[in-house]
Amino acid sequence: MMPKFWLPLCLSTSVLLLSGCSSMGGMSFSALNPMNWFSNDTLTVSANGLGHITSSTKITENDIKNELGSRFHYREGMEMQGSDIIVVVQGLEDNKIQVAFYGKEKGTVEKIDVFDAKATTDWGTTMGTPFKDIYKKAFGVCSKGPKDEKQRTILCQSEQAKSVSYVFSGQWDGPDGLMPPDEVLSNWTLTQIIWQNKSPSRYSL
């Protein structure tokens, strides 16, 4: 016959497993919590960087993989920008670049481009958000965006952090050198989040 204390003990253990808290010998059950198994799936940009990757993180494939996890396939290369050798570390999923990191050779991360459709910011801005949901007008906060063969883009400064910018994409038949009117931009959507620790002039868009 099951002792009377057995059921409360089982229930108590279940609560510990779900909450991820335990003081039994200093052991933590957080790793057993299914909610934590997927905690690294969402890329979250903040004023300081991407997750635990900041301006203090070395710009190497190993260092970035250690912080970001095994969700992506990684590749590392180099490119010249002016007189600087820039290390580029890309995270790919289904052969598509979802995130890219940039920094001087033997240096630390200075710029991060995030393309992942599931990405978000620390303050809740998500990919696919329409321009009109964040800005009333482009004047004073937006400029010409990165080159894109399929659609037009603009680059806008986030209100929450000077280190974070948004790229909105959409269609417009106007001249390349002009900014589309606000009524056209209103339905353009957020397709890229950029974190940058240094002056934007260092990196080409």
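Select β7 (111-114) and β12 (189-196): these strands pair in the antiparallel sense over 4 bridges. Strands here are DSSP runs of E with at least two residues, helices are runs of H or I with at least four, and both are numbered from the N terminus; two strands count as paired if DSSP finds at least two bridges between them. Within this pair, Asp113 stands opposite Ile194 in β12.

The model is predicted, so local features need pLDDT of at least 70 and side-chain atom pairs count only at pLDDT 80 or more, while totals for chains, interfaces and linings use all residues. Residues are numbered from 1 along each chain as its sequence is written, and side-chain values use heavy atoms, with hydrogens and water left out.

β11 and β12 are joined by 6 bridges in the antiparallel sense, and Tyr166 stands opposite Ile193 in β12. Why is β12 largely enclosed by the rest of the structure? The reason is that 6 of its 8 residues are buried, where buried means under 20% relative accessible area, exposed means over 50% and partly exposed lies in between (1.4 Å probe, protein chains only).

Next, display the whole open sheet of 8 strands, whose order is β4-β5-β6-β7-β12-β11-β10-β9 with antiparallel pairing. Its edge strands, each pairing on one side only, are β4 (73-81) and β9 (142-144). On average, neighbouring strands of this sheet are turned by 25° against each other, direction ignored. At the β4 end, 9 antiparallel bridges join β4 to β5 (residues 84-93); Tyr74 has Gly91 in β5 as its bridge partner.

The axes are lines fitted to C-alpha atoms, for helices over the stretch in contact, and angles run from 0 to 180 degrees between N-to-C directions.

Of its 34 residues, Phe101 and Val114 touch the most other members. Select Val114: leaving aside neighbours within four places in sequence, its contacts (heavy atoms within 4.5 Å) include Leu43, Val45, Leu50, Met127 and Ile193.

Strand β1 (residues 44-46) is joined to β8 by 2 bridges and runs parallel to it, with Thr121 in β8 as the bridge partner of Val45. This open sheet has 4 strands in the order β3-β2-β1-β8, with mixed pairing. β3 and β8 stand at its edges with a single partner strand each, so one side of each has no neighbour in the sheet.

Is Thr57 buried or exposed? Thr57 is buried, with a relative accessible area of 9%, and touches His52, Asp63, Thr108 and Val109, not counting residues up to four places away in sequence.

Finally, select Ile134 in the loop between β8 (120-121) and β9. Ile134 is partly exposed, with a relative accessible area of 22%. Beyond residues up to four places away in sequence, Ile134 touches Thr125, Thr129, Glu159, Tyr166 and Phe168. A C-alpha to C-alpha distance of 9.9 Å separates Ile134 from Leu190, 56 residues apart in sequence.

Terms used. A nonpolar core is a set of buried Ala, Val, Leu, Ile, Met, Phe, Trp, Tyr and Cys residues joined through side-chain atoms within 4.5 Å.
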